Structure formats: structure tokens, C-alpha cells
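Hi,

Here is the structure I promised to pass on.

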Amino acid sequence: MDKLLIRGGRRLNGEVNVSGAKNAALPELCAALLTDQPVMLRNVPRLRDVATMRQLLENMGVQAQTHGERGGFTLQAADPIKPEAPYELVKTMRASVLVLGPLLARFGQAKVSLPGGCAIGSRPVDQHIKGLQAMGAEIEVEHGYMIARLPAGRTRLKGARITTDMVTVTGTENFLMAATLAEGETILENAAQEPEITDLAEMLIKMGARIEGHGSSRIRIQGVERLDGCDHAVVADRIEAGTFLCAVAATGGEALLHHARADHLDAVIDKLRDAGVRVDAVEGGLRVTSPGAAQLKGQTFRTTEYPGFPTDMQAQFMALNVAAQGASSVTETIFENRFMHVQELQRLGARIHTDGRVALVEGLGEFGRLSGATVMATDLRASASLVIAGLVAKGETVVDRIYHLDRGYDQMEVKLRALGADIERIQ
Ligand SMILES: CC(=O)N[C@H]1[C@@H](OP(=O)(O)OP(=O)(O)OC[C@H]2O[C@@H](n3ccc(=O)[nH]c3=O)[C@H](O)[C@@H]2O)O[C@H](CO)[C@@H](O)[C@@H]1O
Ligand SMILES: C=C(OP(=O)(O)O)C(=O)O
């Protein structure tokens, strides 16, 4: 099993290319199910989740081809398609639930395994089911599968007004994709506003969908009878960019992050600036300059839906707080169990006390320093936080179980090495 070996203490300097966003690429790969025409995606990141999604789609009969160095991906979901997502593939990636909406919309039926729990929380899909039922689907759960179909005599979903109990990102994406081919108008209230939703909507519009209001909490979709293929470049990964911002902030140094978008990272950038980091939007990216964590001030924050502070950046910013000066508190409001990195950070010498959804951090600042140890990655962003901690720690840190990291980061160690980090992948 691959591990990362990090010798901490080096400043990071140089330039790095931010890849396409995992959380945009995954729904966009699924959107290819909405048409029998070829869909060309560019800037698809090289990730384990993308490989899993490809396998899932190919298993249904979708033709998929990658080309070029720059993440080119062509998909064609020509008939016949087997509208099924088996447990073996779904269990490794929760985003598999994103095939449900497109399959129902185009084929009127789907059999998709329930994803099950996840290290960060129980993550039910009740809202996905409720919303698609409101659009006329009949969905039963049998033997761990969602068996979905249209009632006898119907060939299309019907437009509906859907108000979810909470803001759900993949829920919004499932409804958005389903509604493009439904009969009549769908209104999504309490919709997620993440940039990945906007990017998906822009792709669907290129395919011929009629969508308004994406990027706000109210999205209107007028269903059309068919969609065409398209050519679409996946938006840059704001979470990968944010992770590199925190890494450079923590180690000290100066880096240029090509393709990173300030407008997608407002909440994180505000906190970094308050901490004492310089972040400038420059042509085509972001420049970050930092004196290193020991000179920074830890920041209190709480995670919320976009445009608030992203839960997917909580662990990485906590690693920065741990090495910075002063006390800070971190509140996780989205997932009930997203502090799995705390115990591993403590093994490196972090001073953190958790109480339910709040973590109180006592920064080490100028008077202490993390010290390297072997730590275990428990989920994707927890892994990234351990890498950041390892980069500032004294001596060697080994991060084990980095298959979690590979789910969502495109060659992270290669990019960090290019910035001057002493980091290598070992067996
Ligand atoms: C592939 C992808 O895009 N993943 C992102 C997506 O996950 P995902 O879409 O799974 O997360 P949601 O936005 O749906 O989850 C928000 C909250 O709603 C709850 N919930 C959600 C749906 C449902 O049917 N019932 C329910 O109770 C969840 O358990 C969670 O507590 O948004 C999360 C929140 O920004 C991010 O951390 C993930 O990186
Ligand atoms: C939680 C995440 O992803 P997923 O929804 O794919 O598990 C993440 O990207 O941090």
C-alpha cells in the first residue's frame, strides 16, 4: 500500500498548476448519460474517483476514451445502456449516486446501489429519493439497491417544485440533470450554490438544456425532449487550490497557483489574510506569500454551504491553525464525524481538544513545533491535512493509506516536490 514520506521544514516556492475539480468532473462525466451523442470533456483530473466513475459508466455500456496530456475525455452513451450501478463500484465512491438522475431521465429506469456510510458521516440519500419521487419516479429500496422507474404509461419525468430539507450538493446535481429531460418546468428551492453546480449547469446548457438561476438558491429548468453532445472544460479545483494555499501558508514561501480562482475561494482567502498570509489575485491564478505558520495567527471559523467556509477545507486549515500562534476554534456543521484527522494531528504534537462539532486548537506558534511520526489517513481531506502538518514538522512523517488522497488529488506529491518539498511516494 502506498505511503508518503515527508521530511518537513522546507519552505515552498515556485509555481503549480491547479487541476480540474473532482466535484465538477464527477457529475459532468455522469451528464454524458443524458445524450446518445459524444460528449467531450477537457481538464479532467487524473484521480482514483475519475477512474472509478469511468469504470461505472463503462460497465453500463458507455464508450469512454481519454486523450492527450491535458485531461481530454470523450464519452458516448449510445444505446443500448444497462442502467445499473453495482455495489462493488458504488461502495468506493459516494458520487456514484449521481448516475441516478440522468439514468431515470433518459431511460425511465435505474438500479443503483445505496452508497452506505462514509468515514466523515452517515450521508443518507433520502433527499435524492424524495426529489426524484416528486418528479414522478417510483423508487423502492430492495436488497441495498434503489430500484427506480417511471409509472406505467409515462416515458418522461415531470417537472416539479423541489425544496430539500437541507442544502445538498449532489442532490441538487441529480435534480438538475434529471430536470433537463423532464416534461415541463422544475424549480429547485434551497439549491446548492457551489461553483461545481454552476459549471455543471453551464455544461448542460451547451448540451441544449434550458436552465436559469444556477449559482443561486433557486434554479429553474425547462425540460427539453433531447440533449446533444458538447465540448466542455472542467472548472479548476478550488479545494485543491485551497489546499496548496494552506500548505504554502504553513511552510512559508511564495507560490503562484495557475488557474486558481479567487472568486471561488473568498471565505478561505479572507481567513488566510486575517492570519497574516498575503494572497493576491493575478492574471490566470493566485499568488500566495507567507512568513510561515509560526508567524501567523490561528483563525476561528465554522464550515457552511457555499459561499461559506467549505467543509472540504476544514482539515487543511486546522493543520495550519495547529502550527500557528494562539487559540482558535473550528466548528464543523456539515458532517457529523469530520474530525478524524484530529487524533492523527495529535500524534504529531498538535494541541487540539474536541467537544462534539467544535475543535479547540492551541497553536504551537514560535515556541513549539510539530514532530514527525507515522500517521494514518482516514479520509480524503484528513490526508491532505496530515501532509500539510508533515511539511512543517521536524523530521520524518509517514502518511499511510494515501489511497484516500489519490481519490481527490492529482499527483499531489509531484506538485509539492516541484515547489521544493521533500516528499516521496513509498511502498
Ligand atoms: C462529489 C461531491 O460533490 N462531494 C461533495 C458534496 O457531497 P454531498 O453532495 O454528498 O454532500 P451534501 O451536500 O449532500 O451533504 C450535506 C449534508 O446533507 C446531508 N444529506 C444530504 C443528502 C441527503 O439526501 N440527505 C442528507 O441528510 C449530508 O449527510 C450532509 O450532512 O458536498 C459536500 C458538502 O459540501 C462536500 O463535502 C463533498 O466533497
Ligand atoms: C468529501 C469529499 O468527497 P466525496 O463527496 O466524494 O466523498 C471531498 O471531496 O472532500
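Let me start with ligand 2: around it sit Lys-22, Asn-23, Arg-94, Ala-95, Asp-312, Leu-380, Arg-381 and Gly-408 (a residue is near a molecule if its C-beta atom, placed from the backbone, lies within 6 Å of it). Two helices, α1 (22-31) and α12 (380-392), each give at least two residues to this shell. Helices here are DSSP runs of H or I with at least four residues, strands are runs of E with at least two, and both are numbered from the N terminus. Sorted by class, the shell has two nonpolar, two polar and four charged residues (Ala, Val, Leu, Ile, Met, Phe, Trp, Tyr, Cys and Pro count as nonpolar, Asp, Glu, Lys and Arg as charged, the others, Gly among them, as polar).

Before you read on: this is a predicted model, where local features need pLDDT of at least 70 and side-chain atom pairs count only at pLDDT 80 or more, while totals for chains, interfaces and linings use all residues. Residues are numbered from 1 along each chain as its sequence is written, and chains are lettered from A and ligands numbered from 1 in the order in which they are written.

Now the domains. The chain is assigned domain 1 (3-18 + 236-426) and domain 2 (22-233), with bounds from an automatic or database domain assignment. Their centres, taken over C-alpha atoms, are 31 Å apart. Contact involves 19 residues of domain 1 and 14 residues of domain 2 (in contact means C-beta atoms, placed from the backbone, within 7 Å). On the domain 1 side, helix α13 (residues 403-408) brings the largest share, four residues. That side has five nonpolar, five polar and nine charged residues.

Lys-22, Ala-25, Leu-26 and Leu-29 of α1 meet Asp-49, Val-50, Met-53 and Leu-57 of α2.

Last, there is an open, mixed sheet of four strands, ordered β2-β15-β17-β16 (two strands pair if DSSP finds at least two bridges between them). β2 (12-17) and β16 (278-282) each have a single partner strand, so one side of each lacks a neighbour in the sheet.

Cheers

Notes. Two residues are in contact if their C-beta atoms, placed from the backbone, lie within 7 Å.
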